[in-house]
Amino acid sequence: MDIKDFLIDEDTSMIEAMSQLDLVAKKILFVTKNDKFVATITDGDIRRWILKKGNLDANVRDIANYSPKTMLIENKNKAKDYMKINEIEALPIIDNDNNIISIVLWNDEEIKNKKELDIPVVIMAGGLGTRLYPYTKILPKPLIPIGEIPISEHIINRFNKYGCKEFHLVVNHKKNMIKAYFNEIEKDYIINYVDEDIPLGTGGGLSLLKDKIKSTFILSNCDILIEEDYEKIYKFHKENKNLITMVCSLKTIRIPYGVVEISENGEIEEMKEKPVLSFFTNTGMYIVEPKVIEEINENEFVGFPDIIEKYKTHGEKIGVYPISENNWLDMGQIDEMEEMRRRLEKDE
């Protein structure tokens, strides 16, 4: 089932709306005007209209609720609590332009648009994962379970839902365990393994993909989840003609102390009580043009941020796609891994 099945134009007749409600069997449709979401109409709305007016020639706009409950995509993790408080069975998740991104249903089902973002995805999966010791003494970081499946499979599944079917895993540490796992599971996508015999960093490992990727691709670390519309990020990258687009997350940190700034003569210049700092940080996901792979030196250890800095210095266009703090999950450290596990279990 697709979001389009739930959409109905406000000029549609009430009779047609009743037929469409029967087809989707979810008791609600989402009304559009000029292709933008504006209202909802339920079987209850139609029933009350008929009992009150007795008019069967009405259109959807005569009956619909033009003050519907909605939630912005950056707050999607709060959807179930909001639905419980407001006693609603379906909640449209929208962007700032009133486009419906997905529909959350009370039975935990989520209806999304079918995506066709069929571009390669490269996942850097060769690190030692030292920050997650002792877990990584037994398992490589890409296979650490978050719920019932490992983190790398969560990442792949999200890209796959948007239409990505070609994945390249750059592997090194305990690489045979990673290969064995993915070779055994059922999947409708292709995984190519790139053996990194010596550590080359998040940038250097891309040199092993020369002549293998000829189109724009996604690059991701193996310990992050980005809850965003990947197709929208890709379109942003293309529309702005970027060589690289870095996905950055807003971070807000409250300093638990009073901060004192001291002047040159040793006096107090300013005092701030428990200030809040806000800044954007690199999530570890990028949209990248294939030229970058071809120009990386072989067998040279380099981080991808260093590659970005080099291109920036040479005047290449490097873009930033900002997302909210809630839409970035990172398991780079043990406490963050537990938070990711808690969030995913709540959403499932």
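This is a short talk on one predicted protein chain, going from the whole chain to a few of its parts.

Some ground rules. The model is predicted, so local features need pLDDT of at least 70, side-chain atom pairs count only at pLDDT 80 or more, and totals for chains, interfaces and linings use all residues. Residues are numbered from 1 along each chain as its sequence is written, and side-chain values use heavy atoms, leaving out hydrogens and water.

Start with the whole chain. There are twelve helices and 20 strands. Both are DSSP runs, numbered from the N terminus: helices are H or I with at least four residues, strands are E with at least two. Along its principal axes, the C-alpha trace spans about 75 × 65 × 45 Å. The chain has 348 residues, and 47% of them count as buried. Buried means under 20% relative accessible area, exposed means over 50%, and partly exposed is in between, with a 1.4 Å probe and protein chains only.

Now contacts, meaning heavy atoms within 4.5 Å. Take those between residues at least 6 apart in sequence: 66% join residues at least 24 apart. One pair shows such a separation. Arg342 and Gly147 are 195 residues apart in sequence, yet their C-alpha atoms are 8.8 Å apart in space. Arg342 sits in helix H12, residues 334–347. Its relative accessible area is 43%, so Arg342 is partly exposed.

Next, strand E15, residues 244–254. Which strands does E15 pair with? One is E18, residues 276–288, antiparallel, over ten bridges. Here Ile244 stands opposite Val288. Another is E19, residues 318–323, parallel to E15, with six bridges. There Ser249 stands opposite Ile323. Two strands count as paired if DSSP finds at least two bridges between them.

On to helix H11, residues 304–313. Which of its residues are buried? They are Phe304, Ile307, Ile308 and Tyr311. These residues cover an arc of only 100° around the axis, so they lie on the same side of H11. That arc is taken from the directions from the helix axis to the C-beta atoms. What do the buried residues pack against? The list includes E15, E18 and E19. So does it include helix H8 (201–204), strand E13 (217–221) and helix H10 (291–294). Just after H11 comes Gly315, with a positive phi of about 85°.

Helix H7, residues 175–184, can be read in this way too. Ile178, Lys179 and Phe182 are buried. They cover an arc of only 95° around the axis, which puts them on the same side of H7. The face turned away from that side carries Asn176 and Glu184, which are exposed. Among the elements covering the buried residues are strand E8 (121–125), helix H6 (151–161), strand E11 (166–171) and strand E12 (190–195).

Last, two loop residues. Asp211 is not a glycine, although its phi is positive, about 70°. Asp211 is found in the loop between H8 and E13. Buried or exposed? Asp211 is exposed, with a relative accessible area of 60%. Then Asn299, in the loop between H10 and H11. Its phi is near 60°, a positive value in a residue other than glycine. Asn299 counts as exposed, at 57% relative accessibility.
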